[in-house]
Amino acid sequence: MDHDIDYFITGSGTGGTIGGVSRFLKSVSNKVKVILADPQGSGMHNRVKYGVMYDTVEKEGTRRRHQVDTLIEGVGLNRVTHNFLQGEHCIDDAIRVPDDQAIKMARFLSSNEGLFLGSSSCINAVAAIKIAQNAPKGSKIVIVACDSGTR
């Protein structure tokens with residue numbers, strides 16, 4: 001794509017991909033928007049959007065025993081990693097993706113595109129659809145397909 005990217009979307013597990021890629025992309029062009037795709041139950045969405053790792057599901061009297069109720073594996077944390085901190089200043093926005101939307105996307109991509117992707121990749125794809133709905137026509141959106149559907 002010759003560094004001509006409008007949006008870069010990925011989740012954050014260890015934070016290495018979003019931290020490193022966002023720093024590189026911003027060093028090449030400030031026009032690229034870096035978006036964190038985050039599953040339900042993760043605090044990273046609120047960290048990026050509001051500067052705190054808090055969600056209403058954690059408020060007093062509503063905290064569940066198993067706070068992170070999600071089917072998504074590999075991404076979405078309730079702690080900040082060193083890798084994430086290295087690129088946090090380069091992340092422009094975050095989109096929370098519910099499990100059911102990720103699962104539907106996995107089925108859609110498998111059936112219609114022949115892509116056998118897992119839930120971590122599919123939250124990125126759902127976030128890309130949400131971005132594309134409001135992005136200018138012809139925008140170039142890049143996601144990371146970081147897993148397979150074998151699990």
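**Cavity, sheet and helix contact**

Trainee: Which residues line the second largest cavity?
Mentor: In this predicted model, local features need pLDDT of at least 70 and side-chain atom pairs pLDDT 80 or more, while totals for chains, interfaces and linings use all residues. Residues are numbered from 1 along each chain as its sequence is written, and side-chain values use heavy atoms, without hydrogens and water. A cavity is a set of points on a 1 Å grid over the protein atoms alone where a 1.4 Å probe fits but cannot get out, and lining residues have an atom within 4 Å of a point. The second largest cavity is lined by H3, I5, L25, V28, S29 and V32.

Trainee: How many charged residues does the lining of the second largest cavity have?
Mentor: Asp, Glu, Lys and Arg count as charged, Ala, Val, Leu, Ile, Met, Phe, Trp, Tyr, Cys and Pro as nonpolar, and the others, Gly among them, as polar. The lining holds four nonpolar and two polar residues, and the number of charged residues is: no charged.

Trainee: Which residue in β2 is the bridge partner of F8?
Mentor: Strands β1 (residues 7–10) and β2 (residues 33–39) run parallel and are joined by four bridges. The bridge partner of F8 in β2 is V34.

Trainee: Where in α5 does α4 make its contact?
Mentor: Contact means heavy atoms within 4.5 Å. From α4, Q101, A102, M105, A106 and L109 take part, and in α5 they meet S119, C122, I123, A125, V126, I129 and K130.

How values were computed
On a 1 Å grid over the protein atoms alone, a cavity is a set of points where a 1.4 Å probe fits but cannot get out, and a pocket is an open set with protein on both sides within 12 Å along at least five of seven lines; lining residues have an atom within 4 Å of a point. Two strands pair if DSSP finds at least two bridges between them. Helices (H or I, at least four residues) and strands (E, at least two) are DSSP runs, numbered from the N terminus.
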